[in-house]
Amino acid sequence: MTDLTIIKQNGGSYIDSREIAELIGKQHGHLLRDMRGYIEIMTKNGLSKDGLSDFFVGNSYINAQNKEMPCYFISKMGCELIANKLIGEKGILFTVAYVRKFNDMEQRERAELEARAAISTPRLGEYNSCARIVIRALRELGAMPEDIILFLRELYKPLGIAIAADTVIDKDKETEPQIPRMYTAKQIAEKLSVYSLNGNPHPQAVSCILNENLFIGDAHKIAVTLDCGDHIGISVRYDEYAVQSAMDWIVEYGFPGEIYGFERTYKVRYEK
């Protein structure tokens, strides 16, 4: 069976229409004709250009005669649409090939994420608890504010969290020290008033802004492991810089009602 190739582009995963045509035993030009028919039907029934990109993305290649020719990059959803139009052995073999390829890719990426989290991501809550305990002890010993700030900088350095020079440490008051705050995507959605059309905070849209549009670096986020019953989950937290960057992006693009990423479009609204 032909081994399909996954193409990564703009955060999406696709298969070249030429490979699919070869696998199902159809001339590439005939497959393109069929796909244009699907696109025409979907467009007539109100599917937007962004919606079409969930299935097919137009592209081109240079043939043996050095001529530019059209092709499509086809997503997993697009493969499902094509497979539904096939019958018999060819349809079965194509379905097996694309499902196996996409599932293998998704499992590999999930395993890599979990491995990175297990190796390099401590719990932020443990660091914060340690900070509170040690700062109280340092206060009792008469430590100067600059000494406490130095301790905080060293403590949070492995997490990539910077402690500002003007951090306030008031030793004359029984107040909690200023501990760096990290936010989940849901908390950022609430903070920036990014909601779904149903009126709920929209963490997926916020995550899309941060990771698919701004490409926020690792210095401004951490993955925190969470106990979820019989398994360990992973929650990504973001710092104040990431929150402000997301707000700046929203303002720059005029509070967009649709946010694209992760191979889909998220519809949002903003509340004051």
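This is a predicted model: local features need pLDDT of at least 70, side-chain atom pairs count only at pLDDT 80 or more; totals for chains, interfaces and linings use all residues.
Trainee: How many helices and strands does the protein have, and what makes a run count as one?
Mentor: There are 10 helices and nine strands. They are DSSP runs, numbered from the N terminus: helices are H or I with at least four residues, and strands are E with at least two.

Trainee: Why is Ser 53 called buried?
Mentor: Buried means under 20% relative accessible area, exposed means over 50%, and partly exposed is in between, with a 1.4 Å probe and protein chains only. Ser 53 has 17% relative accessibility, so the residue counts as buried. You will find Ser 53 in the loop between helix H3 (49-52) and strand E3 (56-62).

Trainee: Which residues are in contact with Ser 53, leaving aside its neighbours within four places in sequence?
Mentor: Tyr 14 and Tyr 260. Contact means heavy atoms within 4.5 Å.

Trainee: And Lys 85, why is that one called exposed?
Mentor: Its relative accessible area is 53%, so Lys 85 is exposed. Lys 85 lies in the loop between helix H4 (76-84) and helix H5 (88-120).

Trainee: What makes strand E2 largely enclosed?
Mentor: Five of the five residues of strand E2 (residues 12-16) are buried, so the rest of the structure largely encloses this strand. Gly 12, Tyr 14 and Asp 16 point one way, while Ser 13 and Ile 15 point the other way. In a regular strand, side chains alternate between the two faces of the sheet.

Trainee: How do you know that E1 and E2 pair?
Mentor: Two strands pair if DSSP finds at least two bridges between them. Strand E1 (residues 7-9) and E2 have three bridges, in the antiparallel sense. Ile 7 stands opposite Tyr 14 in E2. Two residues sit between the strands of this hairpin, where Asn 10 takes a positive phi near 50 degrees.

Trainee: What about E2 and strand E4?
Mentor: E2 and strand E4 (residues 68-74) pair over two bridges, again in the antiparallel sense. Asp 16 stands opposite Phe 73 in E4, and the bridge partner of Ile 15 in E4 is Ile 74.

Trainee: What is the strand order in this open sheet, and which strands are called edge strands?
Mentor: The four strands run in the order E1-E2-E4-E3, with antiparallel pairing. E1 and E3 are the edge strands, as each pairs on one side only. From one strand to the next, the twist averages 45 degrees.

Trainee: Which helices lie on this sheet?
Mentor: Helix H2 (residues 28-44) lies across E3 and E4, at about 60 degrees to E4. H4 packs on the sheet too, touching E2, E3 and E4, and its direction makes about 95 degrees with that of E4. Axes are lines fitted to C-alpha atoms, for helices over the stretch in contact, and angles run from 0 to 180 degrees between N-to-C directions.

Trainee: What is the order of the open sheet of three strands?
Mentor: The order is E5-E9-E8, with antiparallel pairing. Its edge strands are strand E5 (194-196) and strand E8 (258-261), each pairing on one side only. Neighbouring strands are turned by 50 degrees against each other on average, direction ignored. E8 and strand E9 (residues 264-270) pair over four bridges, and the bridge partner of Glu 258 in E9 is Lys 267.

Trainee: What makes helix H9 mostly covered?
Mentor: Eight of its 11 residues are buried, including Val 206, Ile 209 and Leu 210. Helix H9 (residues 203-213) lies across E5, E8 and E9, at about 55 degrees to E8. Just after H9, Phe 215 takes a positive phi of about 50 degrees.

Trainee: How much of the protein counts as buried?
Mentor: Of the 272 residues, 40%.

Key: Residues are numbered from 1 along each chain as its sequence is written. Side-chain values use heavy atoms; hydrogens and water are left out.
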